[in-house]
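Work through the exercises below with the coordinates open. Each task is followed by a stepwise solution.

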Amino acid sequence: MYQTNYHRASSVEDAVKLASANDEAKYLSGGQTLLPTMKQRLAAPSDLVDLRHVGEMKGISVNGGKIRIGAATPHVEVATSAEIAAACPGLAHLAAHIGDPHVRHMGTIGGSIANNDPAADYPAGLLALNATIVTNSRSISADDFFTGMFDTALEEGELIVAVEITAPAKSGYAKFPNPASRYALTGVFVARHGDGSVRVAVTGAGADGVFRHAGMEQALASNFSADALDGVTVDDSDLMADIHASSAYRANLVKVMAKRAVAAAG
Amino acid sequence: MATVSMTVNGRSVSGQCEDRTLLVQFIRDNLGLTGTHVGCDTSQCGACVVHVDGKAVKSCTMLAAQADGAEVTTIEGLASGGELHPVQLAFREHHGLQCGFCTPGMIMSAVDMIRRHGGKLDEKTVRAELEGNICRCTGYHNIVKAVLDAASKMGDGARIAAE
């Protein structure tokens with residue numbers, strides 16, 4: 001790892017100020033991706049602004065179907081929250097299957113979506129749940145937030161403070177983990193919203209990161225059952241292909257995982 | 001260089017290190033506690049697992065500076081006096097180690113697992129929860145047996161008593 005300067009932020013305002021003091025500064029949340037990346041010298045921020053002690057960025061609240069998760073909340077808290085399990089079981093299941101127990105003790109929801117790894121779990125969840133990403137300066141809809149592989153709508157120095165979700169009527173997530181890395185080779189989150197609309201988001205498979213699948217959304221909106229997906233075609237032309245799986249294999253996995261996610265949503 | 005202070009195995013310690021120093025380096029090089037191992041460079045193997053503020057973390061994926069002010073427990077902190085921790089005893093009894101390199105991380109993960117699940121652990125859960133710990137001797141079978149035995153011996157009180 002190259003030299004860096006560590007700063008511990010005490011508030012959102014403090015964090016933004018510390019980060020803006022240097023062009024090459026980065027926010028450090030759980031660090032479960034950033035630190036390994038720095039160890040491999042693939043990233044070399046001059047300064048790190050630690051967010052783990054910013055109280056206003058931590059914690060979960062659920063009020064009348066409105067879910068708010070602080071950006072610095074670790075995965076383990078979302079996975080084990082009784083309130084999340086009741087309001088959005090698919091999200092609790094998703095959080096419980098990120099990385100391993102040690103990673104879940106450190107990694108955070110804000111860090112995951114800011115990184116927008118094409119095989120990360122949370123981007124699929126938040127896109128399907130039509131979440132709102134609240135930053136220090138504005139609110140961004142998930143549709144506008146995830147702009148491509150490792151790319152988001154965040155401006156330089158902009159900090160995610162929280163994620164807001166309206167509890168769906170039903171939610172489910174299913175992933176096929178890569179047997180070696182355990183990242184999603186394909187993961188599908190399905191959410192049926194209060195107005196009857198259905199959103200289906202896919203991670204791990206898209207050549208340009210997380211995406212929604214209109215065909216599956218339409219099929220499930222008229223009949224929310226795994227069988228409804230039988231007639232849906234998943235085009236493999238925009239899917240990833242690598243040594244782990246061809247795009248055709250991933251296209252099949254998208255459908256299989258979507259069916260499992262619907263079944264899990266009940 | 002900065003001064004980092006924390007409580008390690010119940011003892012207040014402080015030392016000088018660079019901001020980029022990993023917690024595992026601080027534990028091994030500054031404190032001389034070499035029971036915590038570095039097995040990979042990619043945050044996958046779990047040989048470096050310690051407890052920070054009561055939770056299992058990979059000390060190779062945390063800066064020493066991040067742990068400033070924290071309570072840290074390493075493998076050296078489990079036994080009390082000359083008496084091994086029940087999880088250590090179970091690993092010995094069930095031969096839950098071959099070369100032993102992964103053992104400190106396995107035991108720290110097992111103690112954390114038993115703290116979270118109590119005596120109700122089953123084999124499927126133990127295997128799933130060991131996802132972040134790699135044994136290159138592939139001695140998982142006896143490791144799982146040891147964890148299950150320790151969990152049942154520690155019983156439901158284990159949730160609180162794991163440390």
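Conventions. This is a predicted model, in which local features need pLDDT of at least 70, side-chain atom pairs count only at pLDDT 80 or more, and totals for chains, interfaces and linings use all residues. Residues are numbered from 1 along each chain as its sequence is written, chains are lettered from A and ligands numbered from 1 in the order in which they are written, and side-chain values use heavy atoms, with hydrogens and water left out.

**Exercise 1.** Describe the contact between chain B and chain A.

Solution. 
- Step 1, residues: chain B gives 28 residues and chain A gives 28 residues, where contact means heavy atoms within 4.5 Å.
- Step 2, area: about 2,300 Å² is buried between the two chains, with 53% of it from carbon and sulfur atoms. Buried area is the accessible area (1.4 Å probe) that two parts lose on being put together, summed over both.
- Arg182(A) forms one with Glu131(B), with the closest N and O atoms 2.7 Å apart.
- Step 5, composition: the side of chain B that touches chain A has 9 nonpolar, 7 polar and 12 charged residues. Ala, Val, Leu, Ile, Met, Phe, Trp, Tyr, Cys and Pro count as nonpolar, Asp, Glu, Lys and Arg as charged, and the others, Gly among them, as polar.

**Exercise 2.** Is His102(A) buried or exposed, and what does His102(A) touch?

Solution. 
- Step 1: His102(A) is found in helix α6 (residues 101–106) of chain A. Helices (H or I, at least four residues) and strands (E, at least two) are DSSP runs, numbered from the N terminus.
- Step 2: His102(A) counts as buried because its relative accessibility is 1%. Buried means under 20% relative accessible area, exposed over 50%, partly exposed in between (1.4 Å probe, protein chains only).
- Step 3: leaving out residues up to four places away in sequence, His102(A) touches several residues, including Gln32(A), Val49(B), Ser109(B) and Asn133(B).

**Exercise 3.** Which way do the residues of strand β3 of chain A point?

Solution. 
- Step 1: in β3 (residues 47–50) of chain A, Asp47(A) and Val49(A) point one way, Leu48(A) and Asp50(A) the other way, and all are buried.
- Step 2: Tyr6(A) stands opposite Leu48(A); Lys26(A) also stands opposite Leu48(A).
- Step 3: Leu42(A), in the loop between α2 (34–39) and β3 of chain A, counts as exposed because its relative accessibility is 65%.

**Exercise 4.** What does the salt bridge of Asp143(A) with Arg199(A) tie together?

Solution. 
- Step 1: the closest N and O atoms of Asp143(A) and Arg199(A) are 3.0 Å apart.
- Step 2: Asp143(A) lies in helix α9 (residues 142–145) and Arg199(A) in strand β13 (residues 198–203) of chain A, so the pair ties together parts 56 residues apart in sequence.
- Step 3: Asp143(A) is partly exposed at 36% relative accessibility, whereas Arg199(A) is buried at 8%.
- Step 4: a network of salt bridges links Asp143(A), Arg199(A), Arg212(A) and Glu217(A).

Conventions:
Salt bridge = Lys/Arg side-chain N within 4 Å of Asp/Glu carboxyl O. Pairing = 2+ DSSP bridges.
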